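Subject: Two-chain model, handover and notes

Hello,

Please find the model below, for you to open next to these notes. The notes follow after it.

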Amino acid sequence: MVFRGVTLPFMEASFLTKQVPNPNEPKWRSTLSVAMPLNLSYIPIGLACGVLLHAAGFNTILTGLVSIFIFSGGAQFMIASMLTINAPLLSIVLMLFFLELRYALLGSSLSKYLIGTSERFKFIFAVSMNDENYAVNYLKFATDKKWTPREALMVEHYSLLFWTVSNIIGSLVGSALKIDLTVVHFALTALFLYMIIMQVKNRLTIFVGLIAAALAVFFLVLTKSTLGLVISTLISSFIGFALEHYLRSKKPGSHFLYKVSSPGSKEAAVEEESDEN
Amino acid sequence: MTAVNHWNTAQHLLLIILGFFVAFAPRYLPIKIFTQRKIPEWFNEWMKYIPVSLFTALVVKDVFVSPTYQFDIIHHVPEIIASVIVGLIAYFTRSMALSVVVGLVSVFLLAVVL
């Protein structure tokens, strides 16, 4: 797949262009190039997170541990900010629980690709799954039939490595480093925006996105917590499912089911076949 | 900045251990349950809409909702404009890395200008 429009010769690094799969390429390299955009966005955010955890009183070893065992940007930023306001342990854990509840959605929607893997594999896979590497892996599973759970796990571990090392460096450098958090955090926002665009197959998906946006604002403001993310996602995805079911059975010619053309690639990013599975 | 929190290392460690369990349970249980049983077709059809809904919710939280959970557009103008740019870049180039890089650069420049 060729890069259209702007040519950026100086940025023509392998991870910037769509990869033509090379069967002889070792797995560690092909998965690394898949994970690379995420890895690179983790560096500034991880540094910022390490700096904040340091300021909140976490030592470097604990910062490394929390990055490995919780491995969630949102959670670690929340720990740092709640520690600085001296919140009690139990209320931090409770807030973490609400924040992490959305991982149940990730696991549920990814599980059909993990059927047949061993119990040990599922355990290890779950430990290092988070929003961002889920986004990368879901897109790969949906568009690349050869993508295996083992490769998905490698993407998780690459992102874990970059995240943890960045956090540790941030913790070591401490407050000497000034990072504008709102700016670097936008890397993840951009990553999710990209993922939304890749999910758009037909007009119905756009409609579901709009409902999801409205519901997300409503429930975030209503619950005053990240629980709003879980509620709005459950409802809007269910609306999408119900609408599609209704339209396919009652109005198969509906304009809602029209495909949205996608420039830059010949086929839609998410294959139609994946619908029937 | 000096440390404003006076917890000791053991308390921090306890927080990490408890945090691990509350993060691990929702990560693990659905994978374990839904890979074992026969999943009804409607469930998979529903789950198909999870990514677009969740990613939209995450973006909306970053772009339209303040840290104190108020709907806020005025203080997010750079992010809103940068989001439109990222959307266009993603649509036309289909490159994740380019979307992220352009997003970072544009939000940085817009924050300086606006």
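What follows is a description of the model, taken from confidence to chains to single residues.

This is a predicted model, in which local features need pLDDT of at least 70 and side-chain atom pairs count only at pLDDT 80 or more, while totals for chains, interfaces and linings use all residues. Residues are numbered from 1 along each chain as its sequence is written, and chains are lettered from A and ligands numbered from 1 in the order in which they are written.

Confidence

The model scores ipTM 0.90 and pTM 0.84. The pLDDT is the predictor's confidence in each residue, from 0 to 100. Its average in chain B is 91, and 96% of the residues there score at least 70. Within chain B, helix α4 (residues 77-93) has the highest confidence, at 95, and helix α2 (residues 41-47) the lowest, at a mean of 90. Helices (H or I, at least four residues) and strands (E, at least two) are DSSP runs, numbered from the N terminus.

For chain A the average pLDDT is 86, with 86% of the residues at 70 or above. Residues 1-14 of chain A stay under 50, and the model has 13 contacts for them beyond four places in sequence. The pLDDT is also below 50 over residues 265-269 of chain A, a stretch with 9 contacts beyond near neighbours in sequence. Two residues are in contact if their C-beta atoms, placed from the backbone, lie within 7 Å. Where pLDDT is low, the predicted coordinates should not be read in detail.

Chain A

Chain A has 12 helices and 0 strands. Of its 277 residues, 44% count as buried. A residue is buried if 20 or more other C-beta atoms lie within 10 Å of its own, exposed if 12 or fewer, and partly exposed in between, with C-beta atoms placed from the backbone. Among the contacts in chain A with a separation of 6 or more, 76% are between residues 24 or more positions apart.

Chain B and the interface

The domain assignment of chain B gives domain 1 (8-37) and domain 2 (49-113), and the C-alpha centres of these two domains of chain B are separated by 30 Å. The unreviewed UniProt entry lists residues 12-29, 49-68 and 80-113 of chain B as "transmembrane region". UniProt positions are given in the numbering used here, feature names are shortened, and annotations may be inferred rather than shown by experiment. In the model, residues 49-68 of chain B are 75% helix and 0% strand, with 28 Å between the end C-alpha atoms. Residues 80-113 of chain B are 94% helix and 0% strand, and their end C-alpha atoms are 14 Å apart.

Between the chains, 91 residues of chain A are in contact with 72 residues of chain B. The most on the chain A side comes from α9(A), with 14 residues. By class, that side has 57 nonpolar, 26 polar and 8 charged residues.

B:Met47 lies in helix α2 of chain B. Why does B:Met47 count as buried? Because 20 other C-beta atoms lie within 10 Å of B:Met47. Leaving aside neighbours within four places in sequence, B:Met47 is in contact with A:Ser108 and A:Ser109. Both serines are among the buried residues of α5(A), a helix (residues 103-110) in which 7 of 8 residues are buried.

B:Val60 is in helix α3 (residues 50-64) of chain B. B:Val60 counts as buried because there are 25 C-beta neighbours inside 10 Å. Not counting residues up to four places away in sequence, B:Val60 touches A:Ala213, A:Ala216, A:Val217 and B:Val65. The C-alpha atoms of B:Val60 and B:Phe71, 11 residues apart along the chain, are separated by 9.8 Å.

Regards

Conventions: Ala, Val, Leu, Ile, Met, Phe, Trp, Tyr, Cys and Pro count as nonpolar, Asp, Glu, Lys and Arg as charged, and the others, Gly among them, as polar. Domain bounds come from an automatic or database domain assignment.
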